Amino acid sequence: MLPRVYQDIVEVISDAPGPVRAKQIVPRIGLPVQTGKIESTRSKLKRLVERGWLDEEGPGLFTPAWRRTPASPNSS
């Protein structure tokens, strides 16, 4: 079970149509858009990636881990 703020982050990312940046998540979880809050959220996002809840599709672009497209066994 994740702490509430982490649950909120995963929920926001799960509901997004595509990859999300930390600065987009901050207002959606009820925090003021300030550098410190964005950096704190980015740190939480990185932890969620390390623990397998999220993927970092590109630098600073986060998606739910379940959106991964598994490689085909026939792919080179």
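Start the tour by selecting I29: leaving aside its neighbours within four places in sequence, I29 is in contact with V5, D8, I9, V12 and T41. Contact here means heavy atoms within 4.5 Å. I29 sits in the loop between α2 and α3. Helices (H or I, at least four residues) and strands (E, at least two) are DSSP runs, numbered from the N terminus.

Before you go on, two notes about what is on your screen. This is a predicted model, in which local features need pLDDT of at least 70 and side-chain atom pairs count only at pLDDT 80 or more, while totals for chains, interfaces and linings use all residues. Residues are numbered from 1 along each chain as its sequence is written, and side-chain values use heavy atoms, with hydrogens and water left out.

**Stop 1: still at I29**

Is I29 buried or exposed? I29 is buried, because its relative accessible area is 16%. The cut-offs are these: buried means under 20% relative accessible area, exposed over 50%, and partly exposed in between (1.4 Å probe, protein chains only). I29 and D8 are 21 residues apart along the chain, and their C-alpha atoms are separated by 6.3 Å.

**Stop 2: the whole chain**

Zoom out and show the cartoon. The protein chain has three helices and two strands, and from the N terminus on they run α-α-α-β-β. Of the 76 residues in the chain, 34% are buried. Among the contacts with a separation of 6 or more, 43% are between residues 24 or more positions apart.

**Stop 3: two crossing helices**

Two packed helices are described by the angle between their axes and the distance between the axes. Select helix α1 (residues 4–15) and helix α3 (residues 35–50): their axes come within 11 Å and cross at roughly 80°. The axes are lines fitted to C-alpha atoms, for helices over the stretch in contact, and angles run from 0 to 180 degrees between N-to-C directions. So α1 and α3 are roughly perpendicular to each other. For the wording, angles under 35 degrees count as roughly parallel, over 145 as roughly antiparallel, 65 to 115 as roughly perpendicular and the rest as oblique.

Which residues make the contact? Show side chains for V5, Y6, I9, V10 and I13 of α1, and for T41, K44, L45, R47 and L48 of α3. The residues of this contact divide into seven nonpolar, one polar and two charged. In this count, Ala, Val, Leu, Ile, Met, Phe, Trp, Tyr, Cys and Pro are nonpolar, Asp, Glu, Lys and Arg are charged, and the others, Gly among them, are polar.

**Stop 4: the nonpolar core**

In soluble globular proteins, nonpolar side chains tend to be buried together. Here, the largest nonpolar core has 17 residues, and I9, I13, I25, L45, L48 and L54 touch the most other members. A nonpolar core is a set of buried Ala, Val, Leu, Ile, Met, Phe, Trp, Tyr and Cys residues joined through side-chain atoms within 4.5 Å. Helices α1, α2 (22–28) and α3 each supply at least two residues of this core, and the largest share, five residues, comes from α1.

Pick out I25, which is in helix α2. I25 counts as buried, because its relative accessibility is 0%. Not counting residues up to four places away in sequence, I25 touches I9, V12, I13, V20, T41 and L45.

**Stop 5: out towards the solvent-accessible residues**

Stay in helix α2 and select P27. P27 is partly exposed, because its relative accessible area is 42%. Next, click T35 in helix α3. T35 counts as exposed, because its relative accessibility is 61%.

**Stop 6: the hairpin**

Finish with the strands. Strand β1 (residues 54–58) and β2 pair in the antiparallel sense over four bridges; two strands pair if DSSP finds at least two bridges between them. β1 and β2 form a hairpin with two residues between them, and G60 in the turn has a positive phi of about 80°. The bridge partner of G58 in β2 is L61.

Where is T63? T63 is found in strand β2 (residues 61–64), and D55 stands opposite T63. T63 counts as buried, because its relative accessibility is 5%. Not counting residues up to four places away in sequence, T63 touches I13, P19, L54, D55 and E57.
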